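Have the viewer open as you read.

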Amino acid sequence: MNTLKAISLSLGKLSTPVITRYQIGLIVHGLYKDKQYQGQPLALQKDCASLKDVNHYIANLKDDGILNSSKQLPDSVYTLLGRSSWSDEEAICTIDPFCYLSHYSAMAHHGLTDRFPVRLFVSSPGQKDWRHYAEERMRKDLGADVDEYLSRRMPRLVKTSAKTIGKKEVHRFNSLHLGAYKSLRDSAIRVSSLGRTFLDMLRNPELCGGMRHVIDVYEEHAKRCLRLITDEIEQNGHPIDKVRAGYILDERLGLGNEVIDSWKRFAQRGGSRKLDPTREYEPEWSDDWLISLNI
């Protein structure tokens, strides 16, 4: 079988909406190592592929119209023939395998806001931690071949610096909370869990439409999501998160319970104890939660 055809067929088996150079590199490397595709031999003499080989195949795939570049995607990412329909959310989660939709984008996904964010909000590890996870992923993908693969300067798993995906500007929030998301079935999309989304609203209201909008969302949806909210905040919230959530859930919404009441032990006076962490202190307080109501 022709090697270019084998690569094309292998690409067609990928479930991702867009294709990265790293994915192509893995396919080419595997074919060179096996010298066959589904039992059909390939006329390959070299034991291992090189970056020059990968670039050659990409150029031919583009000439044949199987791979296409797009101004809406980074240079190292391609669309595949017959797979032109993709969402910004699917694309970013394919390009960055360690990111997930968060904040405003997660709110929109969970149906918590009727606003349509014009930016794509994702959480992803910082550069140093991202490289660590990428090295682990490459070792998992390549096994004993990883050193040989890298020595031949084959495409690595790298973090893109693209400012836009599709028609949306990308806002990246550095986060190590890789367990705070769920993967959608039959989709490349990962999104912060419902409970974590409510926690993120309290920590970064400026990334969620502002604190007034956050309170509106709590007023509309907190009752039906109360157990998920309190479980997440109880387990992963900082003391100030629990005080902010306690004020909103207990004092504003009357949803107090034993768990929420226990958070009152974290209430204390101080200039940094503000409902909205992005705004200046205001001398108006909640007597129970000892927090400045600076909205």
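A pocket here is an open set of points on a 1 Å grid over the protein atoms alone, with protein on both sides within 12 Å along at least five of seven lines, and lining residues have an atom within 4 Å of a point. Its volume is the space filled by probe spheres set on the points. This is a predicted model, where local features need pLDDT of at least 70, side-chain atom pairs count only at pLDDT 80 or more, and totals for linings use all residues. Residues are numbered from 1 along each chain, and hydrogens and water are left out of side-chain values.

The largest pocket holds about 650 Å³ of space. It is lined by 29 residues, with T16, T20, Q23, T94 and P97 closest to the centre. Helix α2 gives the most to that lining, five residues. Helices are DSSP runs (H or I, at least four residues), strands are E runs of at least two.

Now for α8 (residues 194-203): 10 of its 10 residues are buried, so the helix is largely enclosed by the rest of the structure. Buried means under 20% relative accessible area with a 1.4 Å probe. The cover includes α5, β11, α9, α10 and α11.

Finally, there's an open antiparallel sheet ordered β1-β5-β4. Its edge strands are β1 and β4. Strands pair if DSSP finds at least two bridges between them, and β4 and β5 have two.

Methods. Buried means under 20% relative accessible area, exposed over 50%, partly exposed in between (1.4 Å probe, protein chains only). Contact means heavy atoms within 4.5 Å. On a 1 Å grid over the protein atoms alone, a cavity is a set of points where a 1.4 Å probe fits but cannot get out, and a pocket is an open set with protein on both sides within 12 Å along at least five of seven lines; lining residues have an atom within 4 Å of a point.
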